[in-house]
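Thanks for coming, everyone. Let me put the chain on the screen, and then we go through its fold, its core and its charged pairs.

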Amino acid sequence: MREGSPQFGTEGHGCPVGCEYCVITKVESRRELWNERTILGINKAVTILNPPPDLRNEQAVREFYDFPPELLRGDFVGFNAISDPFWPKYKKELDWFLDKVAPVAKIATCVTKWNPSEQVLDRLAQIPNFRLVVSITGLDAIERTKTGQRLALLEAAKQKGILAFPVVHPYIAGMSDLSFLPRLKELGYDDVDIKGLRYNHDTMSSWMPPSAQ
């Protein structure tokens, strides 16, 4: 983890993946917001339950665990949109989400660039309404996890019977290497979603080639 890097919040509570293109952690107003006690977020049809970025904040932690899961009954519910849901830092909070929220949700989901442990994957395989979304981008040069790791995760999900879906998020023209698509097909993934990014010249021009801009 590169302390002081732009990918991390003012108190170092940001995401361990540290994608160069991340908007959430690089916009100052959002950075201050995410470092506070954000519990719920809404992204289109999904309600997202967020643990506090700073787990030393005892009041924020209490608010997280005091949140009534019953309010999410019948919803599509995600865990942790402000960092990677499988970051070991949040293991206890993920366990609570899987224990308390998944049983009342219509669908429980995590969107990840991380490689969960075998123990976590085995746990997910036991939750029938869990859906694993894996962000696989072909942007190895500007992310801390690699395409091969995501392919291995998608393969492991297939082997364990976890319903998973690959998402190319973001696709950056001239930078994303999509040569992994045939391998996804071999693994049994017939569909993939492709999504762009919100371009910001001030924060992205330092690493994005002019042709991609």
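**Fold, core and salt bridges**

The chain has seven helices and seven strands. Both are DSSP runs numbered from the N terminus: helices are H or I with at least four residues, strands are E with at least two. Starting at the N terminus, the order of elements is α-β-β-α-β-α-β-α-β-α-β-α-β-α.

A word on the source. This is a predicted model, where local features need pLDDT of at least 70 and side-chain atom pairs count only at pLDDT 80 or more, while totals for chains, interfaces and linings use all residues. Residues are numbered from 1 along each chain as its sequence is written, and side-chain values use heavy atoms, with hydrogens and water left out.

Now the overall numbers. The chain has 213 residues, and 47% of them are buried. Buried means under 20% relative accessible area, exposed means over 50%, and partly exposed is in between, with a 1.4 Å probe and protein chains only. The accessible surface is about 10800 Å², and carbon and sulfur atoms account for 53% of it. Those areas come from the Shrake-Rupley method with a 1.4 Å probe; for residues, only the protein chains shown count as cover.

What about contacts, meaning heavy atoms within 4.5 Å? Take the contacts between residues at least 6 apart in sequence: 68% of them join residues at least 24 apart.

On to the core. Which residues have the most contacts inside the largest nonpolar core? They are F97, F130 and L132, in a core of 37 residues. A nonpolar core here is a set of buried Ala, Val, Leu, Ile, Met, Phe, Trp, Tyr and Cys residues joined through side-chain atoms within 4.5 Å. Several elements each supply at least two residues of this core, among them strand 3 (76-79), strand 4 (107-112), strand 5 (130-135) and helix 5 (147-160). Look at L132. Setting aside residues up to four places away in sequence, L132 touches F86, C110, T112, L153, A157, I162, L163, A164 and F165. There is also a second, separate core of 11 residues, including C15, Y21, L139 and A212.

Next, the rings. The whole structure holds five aromatic pairs. Rings of Phe, Tyr and Trp (its six-membered ring) pair if their centres lie within 6.5 Å; planes under 30 degrees apart are stacked, over 60 edge-to-face, and the rest tilted. F79 and F97 make a tilted pair, 5.2 Å centre to centre, with 40° between the planes. F79 sits in strand 3 and F97 in helix 3, 18 residues apart, and the pair links distant parts of the chain. Both F79 and F97 are buried. Then W87 and Y90: their ring centres are 5.9 Å apart and their planes lie at 80°, so this pair is edge-to-face. W87 and Y90 are both buried. Ring pairs also link F64, Y65 and W96 into a cluster.

Now the charges. How many salt bridges are there? The count is 11, taking a side-chain nitrogen of Lys or Arg within 4 Å of a carboxyl oxygen of Asp or Glu. R123 bridges to D95, with the closest N and O atoms 3.2 Å apart. R123 is in helix 4 (residues 118-125) and D95 is in helix 3 (residues 91-101), so the pair ties together parts 28 residues apart in sequence. R123 is partly exposed at 28% relative accessible area, and D95 is partly exposed at 25%. R123 also bridges to D99, where the closest N and O atoms are 2.4 Å apart. D99 lies in helix 3 and R123 in helix 4, so this pair ties together parts 24 residues apart in sequence. D99 is partly exposed, at 45% relative accessibility. Shared partners join K91, D95, D99 and R123 into one salt-bridge network.

R150 lies in helix 5, at 1% relative accessibility. Beyond its neighbours within four places in sequence, R150 is in contact with residues including K113, N115, V134 and T145.

How values were computed. Contact = heavy atoms within 4.5 Å.
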